[in-house]
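Dear colleague,

Please find below the structure I am handing over to you, followed by a short account of what was found in it.

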Amino acid sequence: MAIADVTIIPIGTGSPSVSAYVADIQRVLQKFESEGLIRFELTPMSTLIEGELPDLFKVIEAMHEVPFEKGLARAATNIRIDDRRDVARKMEDKVARVQSRLEGLE
């Protein structure tokens with residue numbers, strides 16, 4: 001199971017707001033999640049996606065296409081992948097691990 005941190009940057013929107021693009025991307029993610037391929041979490045600056053690496057690349061490609069489907073001619077996509085294969089951990093497990101250290105439990 002891998003975790004990807006993805007940011008899609010639509011270029012040439014004519015507005016500083018990109019919330020409509022983010023909403024459309026979230027709808028794409030909801031579709032993949034309903035199919036059981038991924039889990040995802042929207043954050044203020046990006047979207048976290050959890051799943052098998054081949055599925056993540058498929059989902060990221062679909063996310064990247066959203067601005068083009070809305071008529072734009074350019075988009076930039078930033079991707080950061082954490083692919084740890086010696087243990088199975090979910091997104092919330094990683095956060096819980098840090099929290100336990102902050103609370104002195106480890």
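Strands E1 (residues 2–11) and E4 (residues 74–82) pair in the antiparallel sense over nine bridges. Here helices (H or I, at least four residues) and strands (E, at least two) are DSSP runs numbered from the N terminus, and two strands pair if DSSP finds at least two bridges between them. The model is predicted: local features need pLDDT of at least 70, side-chain atom pairs count only at pLDDT 80 or more, and totals for chains, interfaces and linings use all residues. Residues are numbered from 1 along each chain as its sequence is written, and side-chain values use heavy atoms, without hydrogens or water.

E1 is also joined to strand E3 (residues 47–51), by five antiparallel bridges. Ala4 has Ile49 as its bridge partner in E3 and stands opposite Ile81 in E4.

Among the 17 lining residues, Thr7, Ile8, Val22, Met45 and Ser46 lie nearest the pocket centre. Helix H1 (19–34) likewise supplies at least two residues of this lining. A pocket is an open set of points on a 1 Å grid over the protein atoms alone where a 1.4 Å probe fits, with protein on both sides within 12 Å along at least five of seven lines; lining residues have an atom within 4 Å of a point.

Yours sincerely

Key:
Buried means under 20% relative accessible area, exposed over 50%, partly exposed in between (1.4 Å probe, protein chains only).
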